[in-house]
Amino acid sequence: MDEELMLKHLGLVSNASAEANSAILVYSYNNNEKDKDYYNPKDMNIGDYIQSLAAGQFLPKSCETFIDRDFVSSYQGEKVNIFLNAWWYLWKKNKSFSQNIRPLFVSFHLNNYENTHVESLEYLKAHQPIGCRDYKTRDFLRGHGIEAYFSGCMTLTLGETFKVDDSEREDKVYFVDYNVDWFRNKEINKALKSVLEKYDNCEFYKLSHIYPKNCDIRGCFSEAKELIKRYAKARLVITTRIHCALPCIALGTPVILITRKFDKKRFKGLISFFNFIGKDNEGNFTFNVSKDDNGFVRNNDNYLKYRDYLVKISKAFIKNPDTSIVSELGASSFKYHQKPVKINKKLKFLFI
């Protein structure tokens with residue numbers, strides 16, 4: 001059913017007329033409103049902007065409209081094309097979508113399906129088929145009579161803009177939101193040791209995708225771009241973040257996802273793309289890492305079908321813009337700019 005709906009969706013998008021103007025999703029995280037019906041995050045996950053950056057590859061350079069994901073229902077500007085690839089929490093102030101947007105629903109993840117409003121489901125049904133980022137969202141929508149399919153994540157397309165030649169890779173291994181010195185990770189560290197022995201000539205660094213909440217939109221895009229550029233040149237990335245791991249797959253950078261706890265809402269469907277170490281869907285400890293003939297980590301290529309589809313439907317949606325907005329998304333400085341923290345040699349030698 002997934003492939004049939006993928007083709008149906010591509011056909012509908014290809015035959016539809018695009019609006020003259022486009023917009024891109026940004027994130028205020030509810031402007032610090034303390035509403036009990038909202039998820040009220042304490043921090044910002046830069047992975048949100050990485051997802052928007054992926055969509056931005058297909059938006060024209062003339063795109064000047066930012067629409068807040070958490071208030072998309074209140075947008076009243078000119079009619080625009082917009083990718084709605086994101087993590088969604090459809091709460092009472094955002095239970096439907098503005099009538100002034102022409103949406104493309106691909107890589108859509110619904111997090112609060114337990115209390116989704118009827119208005120949200122009606123809007124989704126009116127814009128079916130819906131391309132979903134995970135099986136859980138797909139199956140929930142199907143259960144409500146909405147045509148839905150697994151599309152993978154838009155970040156699988158980031159290689160279109162950011163992939164570099166292997167000759168540009170640096171001898172660096174990044175640990176992204178994984179604390180190698182945390183005592184509860186001993187089982188995972190033991191498994192990692194057999195992997196990292198081949199990387200004894202590399203320097204190890206720590207990074208995070210978690211930042212203080214702020215409204216510096218261009219700064220957030222700039223930081224997202226800098227992270228992607230680092231990952232593009234890495235020898236290996238080890239992370240707990242899917243929006244670090246998915247871009248790495250797109251960039252051809254070997255990556256291992258650490259799953260201390262299997263997130264059934266977000267991982268189902270995507271997990272097949274990853275090398276991973278940690279708990280699987282059944283709660284069992286799993287070591288699932290592919291290596292090349294020389295013993296280095298190697299990504300699998302079963303994501304390619306989804307990457308190619310997302311590129312094709314994205315270009316059909318915007319009707320091939322002459323230039324991409326990506327070069328315009330950024331700033332010369334960002335208040336919370338993050339520099340990689342080098343892991344000291346004593347800690348490094350716990351592994352090698």
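Buried residues are those with under 20% relative accessible area. In this predicted model, Asp177 has a relative accessible area of 18% and is therefore buried. The side chain of Asp177 meets that of Arg241 in a salt bridge, with an N to O distance of 2.9 Å. Arg241 is placed in the loop between β13 and α8, and Asp177 in the loop between β10 and α6 (186-196), so the bridge ties together parts 64 residues apart in sequence. Arg241 itself is partly exposed, at 25% relative accessibility.

Arg241 also belongs to the largest pocket. Together with Asn45, Trp87, Ile210 and Arg266, Arg241 lies nearest the centre of this pocket, which is lined by 27 residues. Two or more lining residues come from each of β2 (43-45), α2 (47-56), α8 (242-251), β14 (255-259) and α9 (264-267). The pocket holds about 640 Å³ of space. Its lining comprises nine nonpolar, eight polar and 10 charged residues.

The second largest pocket holds about 300 Å³. Its lining has 18 residues, and Asp166, Arg169, Arg235, Gly252 and Pro254 are the closest to its centre. Eight of the lining residues are nonpolar, two are polar and eight are charged.

Across the whole structure, 15 salt bridges are found. One of them joins the side chains of Lys8 and Glu147, at 3.0 Å from N to O. This pair links distant parts of the chain, 139 residues apart: Lys8 is in helix α1, and Glu147 is in the loop between α4 (135-143) and β9 (148-150). Lys8 is partly exposed at 38% relative accessibility. Glu147 is partly exposed too, with a relative accessible area of 26%.

Helix α1 (residues 2-15) also contains Gly11. Gly11 is partly exposed, at 28% relative accessible area. The C-alpha atoms of Gly11 and Ile313 are separated by 8.8 Å, although the two residues are 302 residues apart along the chain.

Notes. Residues are numbered from 1 along each chain as its sequence is written. This is a predicted model: local features need pLDDT of at least 70, side-chain atom pairs count only at pLDDT 80 or more; totals for chains, interfaces and linings use all residues. Side-chain values use heavy atoms; hydrogens and water are left out. On a 1 Å grid over the protein atoms alone, a cavity is a set of points where a 1.4 Å probe fits but cannot get out, and a pocket is an open set with protein on both sides within 12 Å along at least five of seven lines; lining residues have an atom within 4 Å of a point. Grid points are joined across faces, edges and corners, and a volume is the space filled by probe spheres set on the points. Helices (H or I, at least four residues) and strands (E, at least two) are DSSP runs, numbered from the N terminus. Ala, Val, Leu, Ile, Met, Phe, Trp, Tyr, Cys and Pro count as nonpolar, Asp, Glu, Lys and Arg as charged, and the others, Gly among them, as polar. Buried means under 20% relative accessible area, exposed over 50%, partly exposed in between (1.4 Å probe, protein chains only). A salt bridge is a side-chain nitrogen of Lys or Arg within 4 Å of a carboxyl oxygen of Asp or Glu.
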